[in-house]
Amino acid sequence: MEGNQTEQPVLLYDGDCPLCVRFAEALGRLPGTDGLARMSARDDSVYAKFPQLNKEECLKELHVLDAQGNVRRGTDAITFLIEQFPGVQKFAWLIESNMGQKAIKFFHDVADHAREELLKRCSACNKS
């Protein structure tokens with residue numbers, strides 16, 4: 001899906017999820033990822049700037065906008081990050097084999113399940 005172009009790729013993460021926040025922070029510490037903007041999917045201004053995004057969908061799973069405004073989600077977003085950023089390149093072997101693709105999907109599914117469980121137990125998150 002194409003939409004508004006961005007100056008740089010944008011990682012959208014759930015700013016209320018401790019696991020997601022840690023993931024975004026850890027990614028920001030990797031060398032070469034300074035060209036990746038990180039924005040909370042809970043920030044309504046994101047959807048005014050990028051109307052191709054859906055807040056409900058962005059809060060369900062990892063989303064990345066590439067510089068052309070294409071939306072990448074889930075395992076496709078992880079694969080994009082691995083391919084684009086030198087600091088993440090050490091994980092590139094994961095996308096080069098069928099077993100690696102299964103590992104990425106497994107990692108994404110486990111992390112997503114853990115995020116959902118954390119959000120269910122979080123009293124602050126369940127207020128909204």
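Me: Which hand does the β-α-β crossover from β1 through α1 to β2 have?
Reply: You are looking at a predicted model, in which local features need pLDDT of at least 70 and side-chain atom pairs count only at pLDDT 80 or more, while totals for chains, interfaces and linings use all residues. Residues are numbered from 1 along each chain as its sequence is written, and side-chain values use heavy atoms, leaving out hydrogens and water. A crossover is called right-handed if, with the strands pointing away from the viewer, the path from the first strand over the helix to the second runs clockwise. By that rule, the chain's path from β1 through α1 to β2 is right-handed.

Me: How many helices and strands does the protein have?
Reply: Helices (H or I, at least four residues) and strands (E, at least two) are DSSP runs, numbered from the N terminus. Starting at that end, the elements follow the order β-α-β-α-α-β-β-α-α. The count is five helices and four strands.

Me: Which strands form the edges of the sheet?
Reply: Two strands pair if DSSP finds at least two bridges between them. The open sheet has four strands in the order β2-β1-β3-β4, with mixed pairing. Pairing on one side only marks the edge strands, β2 (37–40) and β4 (71–73).

Me: Which residue of β2 is the bridge partner of leucine 11?
Reply: Strand β1 covers residues 10–13 and pairs with β2 in the parallel sense over four bridges. Within β2, leucine 11 has as its bridge partner arginine 38.

Me: What angle does helix α4 make with β4?
Reply: Axes here are lines fitted to C-alpha atoms, for helices over the stretch in contact, and angles run from 0 to 180 degrees between N-to-C directions. Helix α4 (residues 74–84) lies across β1, β3 (63–65) and β4. Its direction relative to β4 is about 105°.

Me: Is histidine 63 buried or exposed?
Reply: Histidine 63 lies in strand β3. Residues count as buried under 20% relative accessible area, exposed over 50%, and partly exposed in between (1.4 Å probe, protein chains only). With a relative accessibility of 1%, histidine 63 is therefore buried.

Me: Which side chain makes a polar contact of 3.3 Å with that of histidine 63?
Reply: A polar contact is a pair of N or O atoms within 3.5 Å; within protein, one must be able to donate a hydrogen and the other to accept it, and residues adjacent in sequence count only if both atoms are side-chain atoms. The side chain of histidine 63 reaches the backbone oxygen of glutamate 61 at 2.8 Å. At 3.3 Å, the side-chain partner is arginine 73.

Me: What relative accessible area does aspartate 66 have?
Reply: Aspartate 66 sits in the loop between β3 and β4. Apart from neighbours within four places in sequence, aspartate 66 is in contact (heavy atoms within 4.5 Å) with Thr6, Pro9, Arg72 and Phe80. Aspartate 66 is buried, and its relative accessible area is 3%.

Me: At what distance does the side chain of aspartate 66 reach the backbone nitrogen of glutamine 68?
Reply: The side chain of aspartate 66 has a polar contact with the side chain of arginine 72, at 3.4 Å. Aspartate 66 also reaches glutamine 68, side chain to backbone nitrogen, at 3.0 Å.

Me: How far apart in space are the C-alpha atoms of aspartate 66 and alanine 77?
Reply: Alanine 77 is 14 residues along the chain from histidine 63, with their C-alpha atoms 6.1 Å apart. From aspartate 66, alanine 77 is eleven residues away in sequence, and the C-alpha separation is 9.3 Å.
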